[in-house]
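Colleague: Could you walk me through this model feature by feature? I would like the general idea each time, and then the case at hand.

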Amino acid sequence: MRNRTGDHSWTGDYRRNGAPYRLWPWFGALGLALLLLAGCGAAPTLRTPTAPATPTITATPTLKVLQTAINLGTAVNYDALVNDAEYRALIQRYFTTTVPENEMKFDAIEPQQGTFDFAKADAIVRFAQENHIAVRGHVLVANGQLPDWLKNGSFTRDQAMAILKNHIETVVGHYRGQVISWDVINEAFLDGPWALRNNFWMRAIGPDYISLAFIWAHEADPQAVLYYNDYSAEEMNGKSSAIYALLKNLRAQNIPVGGVGLEAHLTLAYHPNPTSVAANMARFAALGLEVAITEMDVQIYQGSGTQAQRLQEQARYYGDIASACHHTPACKTFVIWGFTDKYSWIYDYWKHADAPLPFDASYAPKPAWQALLDTFLK
Ligand code: XIL
(Lines give C-alpha, C1' and ligand atoms only; values in the text may rest on other atoms or scores of the structure.)
Protein backbone atom coordinates (compact mmCIF):
# COMPACT_ATOMS: atom_id res chain seq x y z
CA MET A 1 0.00 0.00 0.00
CA ARG A 2 1.26 3.46 -0.85
CA ASN A 3 1.11 6.53 1.25
CA ARG A 4 0.12 10.00 0.15
CA THR A 5 3.45 10.79 -1.37
CA GLY A 6 3.56 7.40 -3.05
CA ASP A 7 7.08 7.03 -1.79
CA HIS A 8 6.74 4.84 1.19
CA SER A 9 5.25 1.41 1.39
CA TRP A 10 4.64 -0.69 4.44
CA THR A 11 4.13 -4.31 5.27
CA GLY A 12 0.83 -5.39 6.68
CA ASP A 13 -2.71 -4.63 5.77
CA TYR A 14 -3.61 -1.07 6.64
CA ARG A 15 -7.34 -1.17 6.11
CA ARG A 16 -9.31 1.70 7.39
CA ASN A 17 -11.30 1.10 10.52
CA GLY A 18 -13.93 3.74 11.07
CA ALA A 19 -14.82 3.06 14.70
CA PRO A 20 -12.91 5.19 17.16
CA TYR A 21 -11.44 3.23 20.02
CA ARG A 22 -12.56 3.94 23.50
CA LEU A 23 -9.63 3.75 25.79
CA TRP A 24 -10.23 2.38 29.21
CA PRO A 25 -8.50 4.29 31.93
CA TRP A 26 -5.62 2.47 33.51
CA PHE A 27 -3.62 3.64 36.37
CA GLY A 28 -0.09 2.41 36.63
CA ALA A 29 1.13 3.98 39.80
CA LEU A 30 4.59 2.55 39.37
CA GLY A 31 6.02 5.51 37.50
CA LEU A 32 4.92 7.97 40.09
CA ALA A 33 5.81 5.70 42.97
CA LEU A 34 9.42 5.72 41.90
CA LEU A 35 11.50 8.15 43.77
CA LEU A 36 12.40 11.38 42.13
CA LEU A 37 15.74 11.28 40.55
CA ALA A 38 17.27 14.27 38.94
CA GLY A 39 18.00 14.22 35.23
CA CYS A 40 21.47 13.88 33.98
CA GLY A 41 24.26 16.44 33.59
CA ALA A 42 24.30 20.01 32.48
CA ALA A 43 22.55 20.93 29.28
CA PRO A 44 24.75 22.21 26.49
CA THR A 45 23.88 25.64 25.18
CA LEU A 46 22.88 26.49 21.65
CA ARG A 47 26.01 27.36 19.76
CA THR A 48 24.35 28.86 16.72
CA PRO A 49 22.39 32.05 17.35
CA THR A 50 18.70 31.34 17.14
CA ALA A 51 16.61 33.10 14.53
CA PRO A 52 14.56 35.92 16.08
CA ALA A 53 11.33 34.25 14.99
CA THR A 54 11.95 31.22 17.19
CA PRO A 55 8.99 30.73 19.50
CA THR A 56 9.65 30.22 23.16
CA ILE A 57 8.19 27.13 24.75
CA THR A 58 7.78 27.76 28.42
CA ALA A 59 8.03 24.84 30.77
CA THR A 60 8.80 24.53 34.41
CA PRO A 61 11.62 22.08 34.82
CA THR A 62 10.49 18.92 36.58
CA LEU A 63 12.53 16.14 38.08
CA LYS A 64 12.70 12.92 36.17
CA VAL A 65 10.79 10.20 37.93
CA LEU A 66 12.36 7.30 36.08
CA GLN A 67 15.90 6.16 36.08
CA THR A 68 16.43 3.59 33.43
CA ALA A 69 19.56 1.95 32.11
CA ILE A 70 18.31 2.91 28.69
CA ASN A 71 17.71 6.27 27.05
CA LEU A 72 13.95 6.35 26.85
CA GLY A 73 12.84 8.66 24.08
CA THR A 74 9.80 10.02 22.31
CA ALA A 75 9.17 11.80 19.07
CA VAL A 76 7.89 15.30 19.71
CA ASN A 77 4.93 16.85 17.98
CA TYR A 78 5.79 20.53 17.69
CA ASP A 79 2.25 21.93 17.93
CA ALA A 80 1.52 19.83 20.99
CA LEU A 81 4.75 20.94 22.61
CA VAL A 82 3.85 24.58 22.08
CA ASN A 83 0.19 24.36 23.05
CA ASP A 84 -0.30 21.53 25.52
CA ALA A 85 1.19 21.96 29.00
CA GLU A 86 0.35 18.42 30.07
CA TYR A 87 2.15 17.06 27.02
CA ARG A 88 5.24 19.07 27.91
CA ALA A 89 5.11 17.97 31.53
CA LEU A 90 5.08 14.28 30.69
CA ILE A 91 8.04 14.63 28.37
CA GLN A 92 9.92 16.47 31.08
CA ARG A 93 9.04 13.84 33.64
CA TYR A 94 9.68 10.63 31.75
CA PHE A 95 12.00 11.03 28.79
CA THR A 96 15.74 11.48 28.40
CA THR A 97 15.80 11.51 24.60
CA THR A 98 13.63 13.23 22.06
CA VAL A 99 13.28 13.45 18.28
CA PRO A 100 11.51 16.21 16.35
CA GLU A 101 8.78 14.32 14.50
CA ASN A 102 8.87 16.50 11.36
CA GLU A 103 10.76 19.75 12.00
CA MET A 104 14.20 18.60 10.87
CA LYS A 105 12.97 17.03 7.64
CA PHE A 106 14.11 18.46 4.32
CA ASP A 107 10.86 20.23 3.44
CA ALA A 108 10.62 21.82 6.88
CA ILE A 109 14.19 22.97 7.20
CA GLU A 110 15.13 24.00 3.62
CA PRO A 111 11.76 25.13 2.21
CA GLN A 112 13.47 27.19 -0.50
CA GLN A 113 16.77 26.30 -2.06
CA GLY A 114 19.54 27.64 0.14
CA THR A 115 17.08 29.21 2.62
CA PHE A 116 16.98 27.41 5.94
CA ASP A 117 14.28 27.69 8.56
CA PHE A 118 15.48 26.39 11.89
CA ALA A 119 12.90 28.15 14.05
CA LYS A 120 10.74 25.18 15.06
CA ALA A 121 13.57 22.69 15.33
CA ASP A 122 15.57 25.18 17.41
CA ALA A 123 12.61 25.60 19.76
CA ILE A 124 12.44 21.83 20.29
CA VAL A 125 16.20 21.60 20.83
CA ARG A 126 16.09 24.43 23.33
CA PHE A 127 13.22 22.80 25.22
CA ALA A 128 15.21 19.57 25.32
CA GLN A 129 18.35 21.28 26.56
CA GLU A 130 16.50 23.12 29.29
CA ASN A 131 15.15 19.80 30.50
CA HIS A 132 18.30 17.68 30.21
CA ILE A 133 16.90 15.71 27.32
CA ALA A 134 19.15 14.53 24.48
CA VAL A 135 18.10 15.13 20.86
CA ARG A 136 18.26 12.66 17.99
CA GLY A 137 18.23 14.35 14.61
CA HIS A 138 15.71 13.05 12.08
CA VAL A 139 16.27 12.97 9.12
CA LEU A 140 18.82 14.06 6.49
CA VAL A 141 18.11 11.84 3.48
CA ALA A 142 14.65 10.36 3.06
CA ASN A 143 12.26 9.29 0.33
CA GLY A 144 9.48 11.72 1.13
CA GLN A 145 8.83 15.09 2.75
CA LEU A 146 11.03 16.80 0.17
CA PRO A 147 10.27 20.42 -0.77
CA ASP A 148 8.64 21.16 -4.13
CA TRP A 149 11.65 23.06 -5.42
CA LEU A 150 13.67 19.88 -5.04
CA LYS A 151 11.08 17.32 -6.15
CA ASN A 152 10.03 19.29 -9.18
CA GLY A 153 13.41 20.71 -10.08
CA SER A 154 15.67 19.35 -12.73
CA PHE A 155 19.25 18.97 -11.64
CA THR A 156 22.41 17.43 -13.02
CA ARG A 157 24.12 14.83 -10.84
CA ASP A 158 26.72 17.37 -9.76
CA GLN A 159 24.02 19.88 -8.85
CA ALA A 160 22.09 17.29 -6.85
CA MET A 161 25.27 16.36 -4.99
CA ALA A 162 25.97 20.02 -4.24
CA ILE A 163 22.41 20.47 -2.94
CA LEU A 164 22.66 17.47 -0.66
CA LYS A 165 26.12 18.41 0.57
CA ASN A 166 25.06 21.94 1.37
CA HIS A 167 21.90 20.70 3.10
CA ILE A 168 23.76 18.22 5.28
CA GLU A 169 26.63 20.58 6.09
CA THR A 170 24.26 23.39 7.02
CA VAL A 171 21.81 21.35 9.09
CA VAL A 172 24.31 19.11 10.86
CA GLY A 173 26.64 22.08 11.32
CA HIS A 174 23.85 24.14 12.85
CA TYR A 175 23.24 21.47 15.50
CA ARG A 176 26.87 20.42 15.90
CA GLY A 177 27.44 19.37 19.51
CA GLN A 178 23.72 19.52 20.27
CA VAL A 179 22.33 16.50 18.45
CA ILE A 180 23.77 13.22 19.71
CA SER A 181 22.86 11.13 16.68
CA TRP A 182 21.44 11.66 13.22
CA ASP A 183 19.25 9.46 11.10
CA VAL A 184 21.31 10.10 8.00
CA ILE A 185 19.64 7.65 5.63
CA ASN A 186 16.00 6.69 6.08
CA GLU A 187 14.16 3.73 4.58
CA ALA A 188 16.42 3.30 1.55
CA PHE A 189 15.37 -0.29 0.87
CA LEU A 190 12.27 -1.62 -0.85
CA ASP A 191 10.10 -4.08 1.02
CA GLY A 192 11.13 -6.73 -1.48
CA PRO A 193 12.96 -7.41 -3.66
CA TRP A 194 15.61 -6.14 -1.29
CA ALA A 195 17.02 -3.49 -3.56
CA LEU A 196 17.56 0.21 -2.98
CA ARG A 197 14.46 2.27 -3.66
CA ASN A 198 14.43 4.28 -6.85
CA ASN A 199 13.88 7.44 -4.81
CA PHE A 200 14.77 11.02 -5.68
CA TRP A 201 18.37 10.63 -4.48
CA MET A 202 18.90 7.37 -6.31
CA ARG A 203 17.67 8.91 -9.53
CA ALA A 204 19.63 12.13 -9.09
CA ILE A 205 22.91 10.80 -7.70
CA GLY A 206 22.85 7.00 -7.84
CA PRO A 207 23.68 4.58 -4.97
CA ASP A 208 26.67 6.65 -3.87
CA TYR A 209 24.26 9.07 -2.22
CA ILE A 210 24.39 6.84 0.84
CA SER A 211 28.12 6.89 1.51
CA LEU A 212 28.39 10.55 0.50
CA ALA A 213 25.70 11.52 3.02
CA PHE A 214 27.52 9.73 5.85
CA ILE A 215 30.83 11.34 4.90
CA TRP A 216 29.36 14.85 4.73
CA ALA A 217 27.46 14.44 7.99
CA HIS A 218 30.60 13.20 9.74
CA GLU A 219 32.59 16.18 8.48
CA ALA A 220 29.93 18.53 9.82
CA ASP A 221 29.80 16.93 13.28
CA PRO A 222 32.42 14.26 13.99
CA GLN A 223 30.89 13.53 17.42
CA ALA A 224 27.37 12.68 16.26
CA VAL A 225 26.58 9.00 15.80
CA LEU A 226 25.32 8.51 12.27
CA TYR A 227 22.47 6.07 11.70
CA TYR A 228 20.85 4.11 8.94
CA ASN A 229 17.14 3.88 9.92
CA ASP A 230 14.38 1.64 8.52
CA TYR A 231 11.14 -0.20 9.30
CA SER A 232 10.22 -3.89 9.12
CA ALA A 233 13.87 -4.74 9.73
CA GLU A 234 13.56 -5.56 13.44
CA GLU A 235 13.94 -9.31 13.03
CA MET A 236 16.10 -11.45 10.76
CA ASN A 237 14.47 -11.14 7.36
CA GLY A 238 15.26 -10.17 3.78
CA LYS A 239 15.18 -6.46 4.51
CA SER A 240 17.34 -6.55 7.62
CA SER A 241 19.80 -8.79 5.77
CA ALA A 242 20.02 -6.30 2.90
CA ILE A 243 20.64 -3.50 5.41
CA TYR A 244 23.21 -5.64 7.18
CA ALA A 245 25.07 -6.26 3.90
CA LEU A 246 25.03 -2.55 3.10
CA LEU A 247 26.31 -1.48 6.51
CA LYS A 248 28.96 -4.19 6.59
CA ASN A 249 30.19 -2.96 3.26
CA LEU A 250 30.18 0.68 4.41
CA ARG A 251 32.09 -0.21 7.58
CA ALA A 252 34.66 -2.14 5.52
CA GLN A 253 35.22 1.04 3.49
CA ASN A 254 35.51 3.17 6.64
CA ILE A 255 32.37 5.11 5.80
CA PRO A 256 31.36 6.69 9.13
CA VAL A 257 28.11 4.86 9.81
CA GLY A 258 27.77 4.32 13.55
CA GLY A 259 24.32 2.94 14.17
CA VAL A 260 21.29 1.14 12.86
CA GLY A 261 17.81 2.35 13.78
CA LEU A 262 15.03 -0.23 13.89
CA GLU A 263 11.81 1.75 13.73
CA ALA A 264 9.43 -0.87 15.13
CA HIS A 265 6.18 0.43 13.67
CA LEU A 266 4.15 -2.65 14.51
CA THR A 267 0.53 -3.74 14.33
CA LEU A 268 -1.16 -6.57 16.17
CA ALA A 269 -0.88 -8.38 12.82
CA TYR A 270 2.88 -7.87 12.66
CA HIS A 271 4.83 -9.18 15.62
CA PRO A 272 8.55 -9.68 15.02
CA ASN A 273 9.85 -12.78 16.77
CA PRO A 274 11.69 -11.61 19.93
CA THR A 275 14.50 -14.18 19.61
CA SER A 276 15.03 -13.18 16.03
CA VAL A 277 15.03 -9.48 16.96
CA ALA A 278 17.75 -10.11 19.54
CA ALA A 279 19.82 -12.11 17.03
CA ASN A 280 19.39 -9.36 14.46
CA MET A 281 20.51 -6.71 16.92
CA ALA A 282 23.52 -8.87 17.82
CA ARG A 283 24.69 -9.15 14.23
CA PHE A 284 24.58 -5.37 13.76
CA ALA A 285 26.38 -4.89 17.08
CA ALA A 286 29.08 -7.28 15.88
CA LEU A 287 29.81 -4.82 13.07
CA GLY A 288 30.64 -2.27 15.77
CA LEU A 289 27.35 -0.42 15.39
CA GLU A 290 25.00 1.04 17.98
CA VAL A 291 21.48 -0.32 17.73
CA ALA A 292 18.41 1.73 18.64
CA ILE A 293 14.68 1.29 18.54
CA THR A 294 13.77 4.58 16.92
CA GLU A 295 10.03 4.91 16.28
CA MET A 296 8.03 2.27 18.10
CA ASP A 297 4.25 2.20 18.04
CA VAL A 298 1.78 -0.68 17.87
CA GLN A 299 -1.51 -0.27 16.03
CA ILE A 300 -4.29 -2.36 17.52
CA TYR A 301 -7.11 -1.97 14.99
CA GLN A 302 -6.39 -5.35 13.43
CA GLY A 303 -6.54 -7.25 16.70
CA SER A 304 -9.31 -9.46 17.95
CA GLY A 305 -11.04 -9.53 21.31
CA THR A 306 -12.10 -6.69 23.54
CA GLN A 307 -10.34 -3.39 23.73
CA ALA A 308 -8.80 -4.45 27.05
CA GLN A 309 -7.46 -7.64 25.47
CA ARG A 310 -5.97 -5.71 22.57
CA LEU A 311 -4.22 -3.33 24.92
CA GLN A 312 -2.75 -6.29 26.82
CA GLU A 313 -1.56 -7.77 23.56
CA GLN A 314 -0.11 -4.43 22.56
CA ALA A 315 1.75 -4.32 25.87
CA ARG A 316 3.27 -7.70 25.11
CA TYR A 317 4.60 -6.40 21.77
CA TYR A 318 6.13 -3.36 23.44
CA GLY A 319 7.62 -5.57 26.13
CA ASP A 320 9.14 -7.99 23.62
CA ILE A 321 10.92 -5.28 21.63
CA ALA A 322 11.99 -3.47 24.80
CA SER A 323 13.35 -6.70 26.21
CA ALA A 324 15.37 -7.48 23.07
CA CYS A 325 16.90 -4.00 23.32
CA HIS A 326 17.45 -4.32 27.06
CA HIS A 327 19.39 -7.55 26.60
CA THR A 328 21.57 -6.17 23.81
CA PRO A 329 24.47 -4.14 25.20
CA ALA A 330 24.70 -2.13 21.97
CA CYS A 331 21.04 -1.07 22.27
CA LYS A 332 21.01 1.91 24.61
CA THR A 333 18.19 3.95 23.14
CA PHE A 334 14.52 3.11 22.86
CA VAL A 335 12.31 5.73 21.23
CA ILE A 336 8.54 5.68 20.77
CA TRP A 337 6.90 7.63 17.97
CA GLY A 338 5.03 9.96 20.27
CA PHE A 339 3.88 8.79 23.68
CA THR A 340 0.19 9.68 23.83
CA ASP A 341 -2.67 8.47 21.65
CA LYS A 342 -3.81 12.08 21.58
CA TYR A 343 -1.35 13.01 18.84
CA SER A 344 -0.29 9.84 17.04
CA TRP A 345 0.56 10.20 13.33
CA ILE A 346 -1.45 7.07 12.57
CA TYR A 347 -4.83 8.80 12.32
CA ASP A 348 -3.82 11.43 9.79
CA TYR A 349 -1.41 9.33 7.86
CA TRP A 350 -3.03 5.92 7.73
CA LYS A 351 -6.57 7.23 8.08
CA HIS A 352 -7.92 4.95 10.72
CA ALA A 353 -8.68 5.29 14.38
CA ASP A 354 -6.28 3.55 16.71
CA ALA A 355 -4.55 3.65 20.07
CA PRO A 356 -0.90 2.88 19.24
CA LEU A 357 1.07 4.52 22.07
CA PRO A 358 1.76 3.81 25.76
CA PHE A 359 -0.38 6.66 27.14
CA ASP A 360 -4.00 7.12 26.20
CA ALA A 361 -5.47 10.34 24.82
CA SER A 362 -6.17 11.57 28.36
CA TYR A 363 -2.58 10.86 29.41
CA ALA A 364 -3.42 7.81 31.50
CA PRO A 365 -0.72 5.15 31.25
CA LYS A 366 -1.77 1.99 29.40
CA PRO A 367 -0.53 -1.58 29.90
CA ALA A 368 2.13 -0.84 27.26
CA TRP A 369 3.69 1.76 29.57
CA GLN A 370 3.75 -0.75 32.39
CA ALA A 371 5.45 -3.24 30.06
CA LEU A 372 8.18 -0.70 29.29
CA LEU A 373 8.69 0.07 32.96
CA ASP A 374 8.74 -3.62 33.86
CA THR A 375 11.50 -4.13 31.32
CA PHE A 376 13.65 -1.08 31.76
CA LEU A 377 13.39 -0.65 35.53
CA LYS A 378 14.42 -4.21 36.31
C1 XIL B 1 5.86 10.63 9.94
C2 XIL B 1 5.30 11.69 10.87
O3 XIL B 1 5.02 11.09 12.10
C4 XIL B 1 4.06 12.29 10.26
O5 XIL B 1 3.60 13.38 11.06
C6 XIL B 1 4.33 12.77 8.84
O7 XIL B 1 3.13 13.22 8.25
C8 XIL B 1 4.93 11.66 8.02
O9 XIL B 1 6.08 11.15 8.65
N10 XIL B 1 8.99 6.60 9.44
C11 XIL B 1 9.75 7.73 9.66
C12 XIL B 1 9.12 8.98 10.13
O13 XIL B 1 10.99 7.64 9.57
O14 XIL B 1 9.76 10.13 9.62
C15 XIL B 1 7.65 9.03 9.79
O16 XIL B 1 7.09 10.18 10.45
C17 XIL B 1 6.97 7.75 10.24
C18 XIL B 1 7.55 6.57 9.51
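Modeller: Helices (H or I, at least four residues) and strands (E, at least two) are DSSP runs, numbered from the N terminus. Buried means under 20% relative accessible area, exposed over 50%, and partly exposed in between (1.4 Å probe, protein chains only). This is a predicted model, in which local features need pLDDT of at least 70 and side-chain atom pairs count only at pLDDT 80 or more, while totals for chains, interfaces and linings use all residues. Residues are numbered from 1 along each chain as its sequence is written, and side-chain values use heavy atoms, with hydrogens and water left out.

Colleague: How should I read the two directions in such a strand?

Modeller: In a regular strand the side chains alternate between the two faces of the sheet. Strand E6 (259–262) can be read in this way too: Gly 259 and Gly 261 point one way, Val 260 and Leu 262 the other way, and all are buried.

Colleague: Which strands join E2, and in what sense do they run?

Modeller: Two strands pair if DSSP finds at least two bridges between them. Strand E1 (residues 71–76) is joined to E2 by four bridges, and they run parallel; Ala 75 has Val 99 as its bridge partner in E2. E2 is also joined to strand E3 (residues 134–141), by two bridges and again in parallel, with Thr 97 opposite Ala 134 in E3.

Colleague: And how many bridges link E5 and E6?

Modeller: Four, in the parallel sense, with E5 covering residues 225–230. Asn 229 stands opposite Gly 261 in E6.

Colleague: Let's turn to helices. What span should the 12 residues of H5 have?

Modeller: The expected span of a helix is 1.5 Å times one less than its number of residues. H5 (residues 119–130) should therefore span 16 Å, and its end C-alpha atoms are 16 Å apart, which agrees. Helix H9 (residues 209–220) also has 12 residues, and reaches 16 Å from its first C-alpha to its last, close to the 16 Å expected.

Colleague: How many residues of H5 are buried?

Modeller: Nine of the 12, so H5 is largely enclosed by the rest of the structure. Among them are Asp 122, Ile 124, Phe 127 and Gln 129. In H9 nine of the 12 residues are buried, so that helix is largely enclosed as well; the buried ones include Tyr 209, Phe 214 and Trp 216.

Colleague: What should I look for in the backbone angles?

Modeller: Most residues other than glycine have a negative phi, and most peptide bonds are trans. The exceptions are worth a look. Just after H5, His 132 takes a positive phi of about 55°. Ala 264 has a positive phi of about 65°; it lies in the loop between E6 and E7 and is buried, with a relative accessible area of 0%. Lys 351, with phi near 60°, is found in the loop between helix H13 (346–350) and helix H14 (367–376), and is partly exposed at 38%.

Colleague: Where are the cis peptide bonds you would show me?

Modeller: One runs from His 138 to Val 139, with omega near 15°, and Val 139 is found in E3. Another runs from Gly 192 to Pro 193, with omega near 0°; Pro 193 is in the loop between strand E4 (181–186) and helix H8 (200–204).

Colleague: What does the side chain of Thr 267 contact?

Modeller: A polar contact is a pair of N or O atoms within 3.5 Å; within protein, one must be able to donate a hydrogen and the other to accept it, and residues adjacent in sequence count only if both atoms are side-chain atoms. The side chain of Thr 267 makes one with the side chain of Gln 302 (3.0 Å). Thr 267 lies in strand E7 (residues 265–267) and is buried, at 2% relative accessible area.
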